[in-house]
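Biologist: Could you walk me through how the parts of this model meet each other? I'm new to reading interfaces, so please go slowly.

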Amino acid sequence: MATAREHNLKIGVSGIRGVVGEFLTPALAADFAQAFGTYVGGGRVVVGRDTRSSGPMIEHAVCCGLLAAGCEVVRVGILPTPTIQVYVGATHARGGIAITASHNPAEYNALKLFNHEGLFFNSYERGELIDLYHQSDFHHSTNAQIRGISDDLERPMRLHFDRVLARVDAAPIRAHAFRLGLDAVNGAGSIVSQRFLREELGCTLEAIAVDPAQTFPRPAEPTPEVLGEVAALVRDRGCALGFAQDPDGDRLAIIDETGRVLDNNDVLALVVDAVLVRLPGDVAVNLTTSAAIDDIARTHGRRVYRTPVGEANVVERMKAVGAVIGGEGSSGGIIFPAVQYCRDSYTGMAFVLDRLAATGEPLSSLAARLPRYFRKMGKAAFAHGRLGPLMQAVEAAFPDAEIDRTDGLKLIWADRSIHVRASNTEPLLRMSVEARQESVCQDLYARVSSALG
Amino acid sequence: MTPARSLRISHVGLRGIVGPGGLTARHGIDFACAFGTFLPEGGAVVLGRDPRASGLMLSEGVKSGLAATGHDVIDLGVVSTPVTQHAIRRLGAAGGISIGASHNAAEWNALKFFGQNGTYLSTGEASELLDIYHLRKFHFTGYRGLGAVRSESGALDAYLTELSDVYDFDHLRRFRVVVDCCNGTSGLILRRLMERFHLPFVLINERVEGVEFAHEPNTSARIVGLQLAPLVQPLKADAGFLFDVDSDRVAIATEEGDAASEEMVMPLLADYVLPRSEGKLIIANLSTTALLEEIAGRHGGTVVRVPVGRQAAMDALSAHRPEQIALAGEGTGAVMLSRFRFVYDGITSMLGILSLMAERGEPVSRILAGYPRYRMLKGQAPLAPRNVPALLLALQQEFAGGRQNTLDGLRVDWPNEWFHVRVSQTESIVRVIAERRGDAPHELYNAVMERVWGMS
């Protein structure tokens, strides 16, 4: 059975990710960094990381590979991925590497690679880079070509904060002196989020899991099932809301004052609404994201562009159409180009607090006014070679739907939709169903599941 | 220009010219992983490097490899190899790695490996390390067992304190000494030594450099003659010393402004150490001057001749009890003293020679003048490895009248002269050395060279 295989190492167009030890080794990390350094052609490269115990080990390997390629390394230490991306773009570095396996468990680590603007490479560039890696066609510097390592530990945070704060009305937020819950999963947001919320936005915090020296106390992905502790804290301590991050601070989960964890699509919807209030422009989201975004954009007279799943795809489209806000509702990713083309939990925090301060309403009522949809997500394993017939079976089961094949199969009706796509990393089909009525949603999900056998 | 074989992986470690086709990041990482696998689980490893720019790149890779195999790393930064070895013992570490290419030009680098107590690896241990490296089956600990890296800045002072326990700096303060640091680690050591013990040294080429050294970092008499010796008299110095980049070798200029042969470092130290040492054995390679036997004879010492190369010296050391041995070394100016636990260390050698000057109340030129005169001629010729056995056989037949030693190529001794023919380990050449008590052994040297050229 295909799914029984453990996916301990993945080297592909999205970089390199694996279980540290036998799989993700110092040599692999250094080789990949050297390939990257060769690809960007030397020059200044920024290196940061999240709080995983393997971070320093991988960081040394990455620095080694970059130096060997003739790059000048600027270490920024433990920082959220979006902060690193902002810094790469703002300091005109040649590129950047974030050492983080994002929402994967603690035994994993990975390299996220950024270009000179602090963006993920586009798909063509990623293809070139991986070819270069496979050919081991690295630049090997001679002694005279080898540059050094420097540290810049304070400036990145300041740059990031300033960009976010320039886009919201911070004074009323500070005046409200919100009491907030925070769960940073002992990740890269542990220190940064406390500083951002306390010192920049005048909030009082009920913070848990904000010790970067400790391991992740809960599964790394901030899904509703694992946020019970911070949710209880928000409810019991009278907090206005709670924020929860993943280890590298790109994803954001939000808990309302009653202790309910909002659906990721609703978080994105809230932020899209808040941004469009302040900044006119269009929206781009991935195919799986809720139709609630379309409803909200419509109320602002704006258009929504749909893209394949994946941050790089969304970013590419946003740049092409000049979207002012976008993201991936399915995974808690908010992308706000005015700060940086990347998933940024701090943009999310600031805009939600901005709305709260501007309206004076509790979060639960803001959320209740969002377009109401019912959603059900699931996954099904498939045997290699069976993907095509399965997709055809789903299509045949719903002959009346409008079809979008940009990424897998999306079946669309006026008030409901189905999205079925193969995972990029495992032999799994991911299903996502959305409808205006709960019964319709359940019925659709059951029909898709049976079509997939 | 890159020699045909710049990269060399052997029992003494790994060295080569950094860059394409030579020493790369991957070599450093894989060797560190092998060393981490070889060492007992969990022990800390001390890491030091010389100032070459490539040292930073290699040290990052080494830290990663050691951490991944579960070893904490104690990073000393830019220090001499002897300071690294000293710190291993003081800190109770499981081993150590020194990154530096000693007397080689700036574009070279190398990794040297040490066991606990800072000793060089024995041949058996080095073989095991090489096997692990070649197999590339490393023992990686999971994400929970990774080693941590920390910096340590007290290593130099602890080392200097030990030197001050052995050498009487009050007696050495009278000497005005000029030192050519060749932009290497000796500058850091001697500057601190001067601060702490108020020694009137004059340092030149003191600033540590990563890319360009003031001159070839070689402790040969030729370099001393070109760079240091001309400065000694103008500076009114009592002696001059010149170090290689990682301070394990030293060379001498006399107060008269002459470059002493690098061969003289070992006899001077033997002269100083033997009278105060319980051990009377001197371990020296087959190419080192026969003056050693005469000096040893004056103090009841004996010279044990071994093949060229550090590993042969280590094997000879391990075949004896440490207290039997006074010193070990080679004619290049790399000498280890038993008092300092057999570490090639130019700094302890320099202090030993200064102590001899203080004890005798004589300048170094006069001490050297008191030794019988030996003259050495050195040369080399290209030779394909397949022709080596035939050459050695021919030489054995031609010089059948002398006492022959075939431990390393061929050495033939007569009462007043000898020659040694050996094969280079890095290039397809044979090296010829001939020495004679009195005038230079032109006749013998020419006869041997003629035979060598005839085969090449």
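Predicted model: local features only at pLDDT ≥ 70, side-chain atom pairs only at ≥ 80, totals over all residues.

Biologist: Okay, how many residues of chain B are in contact with chain A?

Modeller: On the chain B side there are 32 residues in contact, and they meet 30 residues of chain A.

Biologist: And what's the area buried there?

Modeller: Chain B and chain A bury about 2,300 Å² between them, and carbon and sulfur atoms give 69% of that area. Within what chain B buries against chain A, 27% is supplied by Glu60(B), Phe140(B) and Tyr143(B), which is more than any other three residues supply.

Biologist: Why do you quote an area at all?

Modeller: The accessible area lost when the parts come together is often used to give the size of an interface.

Biologist: How many salt bridges are there between chain B and chain A?

Modeller: The count is one salt bridge, and it joins the side chains of Arg26(B) and Asp31(A), with 2.5 Å from N to O. Besides that count, eight residue pairs are in polar contact between the two chains, with both residues at pLDDT 80 or more.

Biologist: Which helix gives the largest share of the chain B side?

Modeller: That is α2(B), with 11 residues of the side that touches chain A. Both α1 (25-38) and α2 (53-68) of chain B supply at least two residues each to that side, and its residues divide into 17 nonpolar, nine polar and six charged.

Biologist: Switching topic, how is chain B divided into domains?

Modeller: Chain B has domain 1 (3-153), domain 2 (158-260), domain 3 (263-369) and domain 4 (375-454).

Biologist: Let's take domains 1 and 3 of chain B; how far apart are their centres?

Modeller: The C-alpha centres of these two domains lie 28 Å apart, and 12 residues of domain 1 are in contact with 10 residues of domain 3. Together the two domains bury about 1,000 Å², with 54% of it on carbon and sulfur atoms.

Biologist: Which residues of domain 1 lose the most area?

Modeller: Those are Val12(B), Pro82(B) and Tyr120(B), which together account for 51% of what the domain 1 side buries against domain 3.

Biologist: And what polar links are there?

Modeller: Between domain 1 and domain 3 of chain B the count is zero salt bridges, while four residue pairs are in polar contact, both residues being at pLDDT 80 or more. Helix α3 (residues 81-90) of chain B gives the largest share of the domain 1 side, four residues, and that side divides into four nonpolar, six polar and two charged residues.

Technical notes: Residues numbered from 1 in each chain as written. Chains lettered and ligands numbered in written order. Heavy atoms only, no water. Contact = heavy atoms within 4.5 Å. Buried area = accessible area lost by both parts, 1.4 Å probe. Salt bridge = Lys/Arg side-chain N within 4 Å of Asp/Glu carboxyl O. Polar contact = N/O pair within 3.5 Å; in protein donor to acceptor, adjacent residues only side chain to side chain. Nonpolar A, V, L, I, M, F, W, Y, C, P; charged D, E, K, R; others polar. Domains from an automatic or database assignment.
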